[in-house]
Amino acid sequence: MRIKQKPEDFSVKESYRFDEVASGRHRVYLMDKQKLSTFDAADRIREAFGLKPGSISYCGLKDKQGRTEQLIAVDGADVDMQDPDLRLKYLGRTDKPLSAANITSNRFAVTVRMLTEASIGPLNQAAAEINRLGVVNYFDSQRFGSLKHGQGFIAKDLIRGDFEAALRNYLAQPSELDRTEDAKVKAFWRENWGRWDARVPFEGTRKYHRILKSLREHPGDYLRAFLQIDASYRAMLLFTYQSYLWNEGVRRYLQLLLPRENLFPMKYQAGTLLFHRDADPEVLHPLRESTFPLLAPDSHFEDPKVKQAVDWVLGREKLSLSDLRVEEAPRMLYFKHEERPTIVVPHKLVIGRVQNDDLNRGFLKVNIAFTLPPGAYATLVIKRLFHFAYQEESPQQIRDSWRTPVEDRDGATADTAYAPRGPRRAPAPTPPLPDARPAARAARRSPAAGAAPTPGRRPQSREAVDTRPSQPSPSFRERQRQKKAAKEKARSEQAAKRPESRKKK
């Protein structure tokens, strides 16, 4: 099975509310984005309009791999953006920044692809289990991108007081799975750590300007440099580790409440999760009403089983509650206690008609829609529905799924991030996408693919195209500049020729 094969396969729309104030300083917009994280979208808007860090607020973070609509508020500035992957619609003004309190629910529409008859069969039974039992409200793999990209838990470095390691993991730890310019910037600083005056040959380094400025002025003060990271992202780095502790604590909590035969495991980015397939009524009702704490130094527990689970996970991490603090910056780097529901129940769960998969020949697809409260993960609902067929992709599988990027005449890279694969146990090779041959022809025609083929010789195959990191495709902003420059050049050439044509007439 596969989700998010294209942006339209994963759609989420916020249900929101805000108090409209005509004279409010915060402009509220509905942001429609695709293949961008909330952080990336906010950074682009800030750069485009010269806004200060922290000037954009939002209700929550939305998935990068999908088509999402969410509310944002801009402090003290009117903005407008109508890019293909990022659009803003003005809604009004309010007198305070947005927060999680402004969102009431999220409506998801997900297309699950590359299904077989065997994986469709148990679907109705799984849906009935979800309606009766709910889904354990874990944080899913998206929360743990720092593990996927090799940065680890940066919060652990901060707790230990090793601020150089924390900054190095943030600034100089390139990911093998990141094919953007940011990975090249991080690789540069990995090779030039300590040489803060070195000139970075990549435009993406602007993102780290404040950090590098601090290091040039105060070399060796890694905490000061780390605090130049945007406040919302700093908080996310701590929250990522909090989320891991929550997942591990709830996993242990379920083991204390339910017999082993009622639980089944499922792999994810940070380890293994446990889900329940059944529960006695005397356990199910309190479980659905229970909460489990996001841990902080001031956390306290009334349920003895919750305390037992917390003690287990902290003991395994060799920590105590009092260790969950950064003494050197207590007001800027801190863990906040919060109660999170243990179980979430999807509302208005609708499973559509099974159809032939239009992207993957020989497979099936199905559309699934449901509503979740803020903070719950739609991907977990999908995984729970298809737990008998789902497997977490390994980094090597992700790399194997990449296809060679194909550049068009304007220098834009075609959207061919992933090639479809067949069932994981099927020995037969997977058929290509319908557009595989046109893409290959485009690659052979493209100037970026190399020099023109010698007459009488067959053109190079796709595998022969040079895709080394030293020849990257231009970033989105760079492509926009190239297009703008090309248009201006064309206009100037036409203007220069126009008087001559008139004289001939």
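## The loop at Val21

Val21 sits in the loop between strand E1 (10–16) and strand E2 (26–34). Helices (H or I, at least four residues) and strands (E, at least two) are DSSP runs, numbered from the N terminus. At 24% relative accessibility, Val21 counts as partly exposed. Buried means under 20% relative accessible area, exposed over 50%, and partly exposed in between (1.4 Å probe, protein chains only).

Val21 and Asp95 are 74 residues apart in sequence, but their C-alpha atoms are 6.2 Å apart in space. Leaving aside neighbours within four places in sequence, Val21 is in contact (heavy atoms within 4.5 Å) with Arg93, Thr94 and Asp95.

## Basis of the model

This is a predicted model, in which local features need pLDDT of at least 70 and side-chain atom pairs count only at pLDDT 80 or more, while totals for chains, interfaces and linings use all residues. Residues are numbered from 1 along each chain as its sequence is written, and side-chain values use heavy atoms, with hydrogens and water left out.

## Nonpolar cores

The largest nonpolar core holds 102 residues; Val112, Tyr138, Leu171 and Phe386 touch the most other members. Helix H10 (residues 231–257) supplies the largest share of this core, nine residues. A nonpolar core is a set of buried Ala, Val, Leu, Ile, Met, Phe, Trp, Tyr and Cys residues joined through side-chain atoms within 4.5 Å. A second, separate core has 18 residues, including Met31, Leu36, Ala42 and Val74.

What does Phe386 contact, leaving aside its neighbours within four places in sequence? The partners are Met1, Val112, Leu115, Ser119, Leu123, Val366 and Ile368.

## Helix H1

Helix H1 covers residues 38–49, 12 residues in total. At 1.5 Å a residue, H1 should span 16 Å; its end C-alpha atoms are 17 Å apart, which agrees. The expected span is 1.5 Å times one less than the number of residues.

In H1, Thr38, Phe39, Ala41, Ala42, Arg44, Ile45 and Arg46 are buried. Gly50 follows H1, with a positive phi near 65 degrees.

## Salt bridges

The whole structure has 28 salt bridges. In each, a side-chain nitrogen of Lys or Arg lies within 4 Å of a carboxyl oxygen of Asp or Glu. Glu317 forms one with Lys156, the closest N and O atoms being 3.1 Å apart. This pair links distant parts of the chain, 161 residues apart: Glu317 is in the loop between helix H12 (304–316) and strand E12 (338–341), Lys156 in helix H5 (residues 154–160). Glu317 is buried, with a relative accessible area of 14%. Lys156 is partly exposed at 30%.

Arg160 bridges to Asp157, the closest N and O atoms being 2.5 Å apart. Arg160 and Asp157 are three residues apart in helix H5, so about one helical turn separates them. Is Arg160 buried or exposed? At 57% relative accessibility, Arg160 counts as exposed. Asp157, at 6%, counts as buried. Glu191 and Arg190 also meet in a salt bridge (3.6 Å, N to O). Glu191 is exposed at 60% relative accessibility, and Arg190 is partly exposed at 42%. Salt bridges that share partners join Asp9, Arg113, Asp357, Asp358 and Lys365 into one network.

## Aromatic pairs and charges over rings

A pair of aromatic rings is described by the distance of the centres and the angle of the planes. The structure holds 25 such pairs. Rings of Phe, Tyr and Trp (its six-membered ring) pair if their centres lie within 6.5 Å; planes under 30 degrees apart count as stacked, over 60 as edge-to-face and the rest as tilted. Phe39 and Tyr233 are edge-to-face, 5.1 Å centre to centre with 70 degrees between the planes. The pair links helix H1 to helix H10, 194 residues apart. Phe39 counts as buried at 16% relative accessibility, and Tyr233 as partly exposed at 26%. Phe144 and Phe153 are also edge-to-face, at 6.4 Å and 90 degrees. Both are buried.

Tyr138, Phe139, Phe239, Trp246, Tyr253, Phe264, Phe275, Phe292 and Tyr377 form one aromatic cluster. Arg340 lies over the face of Trp246, at 5.3 Å from the ring centre. Lys4 lies over the face of Phe10, at 4.8 Å. A charge sits over a ring if NZ of Lys or CZ of Arg is within 6 Å of the ring centre and within 35 degrees of the ring normal.
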